[in-house]
Amino acid sequence: MTLRAVALGLVPLLGRALGYANPQACSGTCTNAHDPSIVRRADGTYFRFSTGGRVAVHSAPDISGPWTYKGAALPSGSSINLPGNQDLWAPDVSLVGDTYYLYYSVSEFGSQNSAIGVATSPSLDVGSWTDHGATGVKSDSSKPYNAIDANLISADGRNFLTWGSFWKDIYQAEMKGAPLTLVSGASSRQVAFDPATTEVEGAFVFKNGDFYYLFYSKGKCCGYDRNMPPAGAEYKIMACRSASPTEGFVDKNGVACTNGGGTVVLESHGNVYGPGGQGVYQDPTHGPILYYHYVDKTIGFGDGDKRFGWNTIDFSSGWPVV
């Protein structure tokens, strides 16, 4: 028996010990779900946007499905003139006023030559999206961050974009009222950094009660079928919190998120392996929901095997529990 097989065989026992809930029900197309973004339209229709296929769009009558593929949000790719503008990553969709804003990443794997773009729609439907190109958030080797994995939060009448992957990890800056671009003279600030490893990315800021929670993914995201990481080094979902949406994030032990702090929210357990690429959504029926992608180790470890997962969140302790 190989060490890999032994390690994977221990995962179900670890999951039971840690007590994480398994993903809730999903029907229809539950793959094609890398880095999902969930939004619910006023008529009750759920939309799921994900990496690849020029931002793949699925819809369903409920968070559990059945999910149906609808097409590409940006079938012509992005107008941003960078390598990767036909293979868009890590969508994030928010409603601001009566307009939906779709943020996406243009890059290539392992490259810091990256930019965050934006498109808008009045309805979320395929065929209704207008690409506006660059937001002003971009990176190259002169920057401390990698300009991918964007997330928008509106707080106290202002809009803030959070982004970052590896390098110096997670940064944030203010966007205009109609959040197509950064405010004039905007400066970026670091909100999360782990000096022991740069494997931090995919930030998502969500307010619950008196706190803003900074969720992020940590560890190796991809290519498990080609190169399995050591046990515990795969993707997991972490969180810090603050009374402010822009600074002062700490973990459950009070360690600053800018100095390696972070409390585990969800990690590999049972047949669930490498959960990450997460977001949080306030559902009218289920309450706060953590959604993410993962691989089911009984099915396969390839990037194409990544499935859509979701769980309700219990914030009663002041920290997110799944």
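On a 1 Å grid over the protein atoms alone, a pocket is an open set of points where a 1.4 Å probe fits, with protein on both sides within 12 Å along at least five of seven lines, and its lining residues have an atom within 4 Å of a point. The model is predicted: local features need pLDDT of at least 70, side-chain atom pairs count only at pLDDT 80 or more, and totals for chains, interfaces and linings use all residues. Residues are numbered from 1 along each chain as its sequence is written, and side-chain values use heavy atoms, with hydrogens and water left out.

**Pockets**

Ala, Val, Leu, Ile, Met, Phe, Trp, Tyr, Cys and Pro count as nonpolar, Asp, Glu, Lys and Arg as charged, and the others, Gly among them, as polar.

| Pocket | Volume | Lining by class |
|---|---|---|
| Largest pocket | about 610 Å³ | 15 nonpolar, 13 polar, 8 charged residues |
| Second largest pocket | about 490 Å³ | 14 nonpolar, 4 polar, 3 charged residues |

The largest pocket has a volume of about 610 Å³. Its lining has 36 residues, and Asp35, Ile148, Asp149, Glu201 and Tyr235 are the closest to its centre. At least two lining residues come from each of β5 (89-96), β13 (200-208), β17 (272-283) and β18 (287-296); strands are DSSP runs of E with at least two residues, helices are runs of H or I with at least four, and both are numbered from the N terminus.

For the second largest pocket, 21 residues form the lining, and Val93, Ser94, Leu152, Phe204 and Val280 lie nearest its centre. Two or more of its lining residues come from each of β1 (37-40), β5, β9 (151-155), β13 and β17.

**Aromatic pairs**

There are 14 aromatic pairs in the structure. Rings of Phe, Tyr and Trp (its six-membered ring) pair if their centres lie within 6.5 Å; planes under 30 degrees apart count as stacked, over 60 as edge-to-face and the rest as tilted. Tyrosine 145 and tryptophan 163 pair edge-to-face, at 5.3 Å centre to centre and 80 degrees between the planes. Tyrosine 145 is in the loop between β8 (130-139) and β9, and tryptophan 163 is in strand β10 (residues 158-163), so the pair ties together parts that are 18 residues apart in sequence. Tyrosine 145 is buried at 7% relative accessibility, and tryptophan 163 is buried at 1%; buried means under 20% relative accessible area, exposed over 50% and partly exposed in between (1.4 Å probe, protein chains only).

A cluster linked by ring pairs holds Phe206, Phe211, Tyr213, Phe215, Phe315 and Trp319.

**Single residues**

Histidine 58 belongs to strand β3 (residues 56-60) and is buried, with a relative accessible area of 0%. Beyond its neighbours within four places in sequence, histidine 58 is in contact (heavy atoms within 4.5 Å) with residues including Asn32, Arg48 and Tyr69.

Asparagine 32 lies in the loop between α1 (3-18) and β1, and is partly exposed at 34% relative accessible area.

Serine 244 is placed in the loop between β15 (236-242) and β16 (263-266), and counts as buried at 19% relative accessibility. Leaving aside neighbours within four places in sequence, serine 244 is in contact with Tyr212 and Phe249.

Conventions:
Grid points are joined across faces, edges and corners, and a volume is the space filled by probe spheres set on the points.
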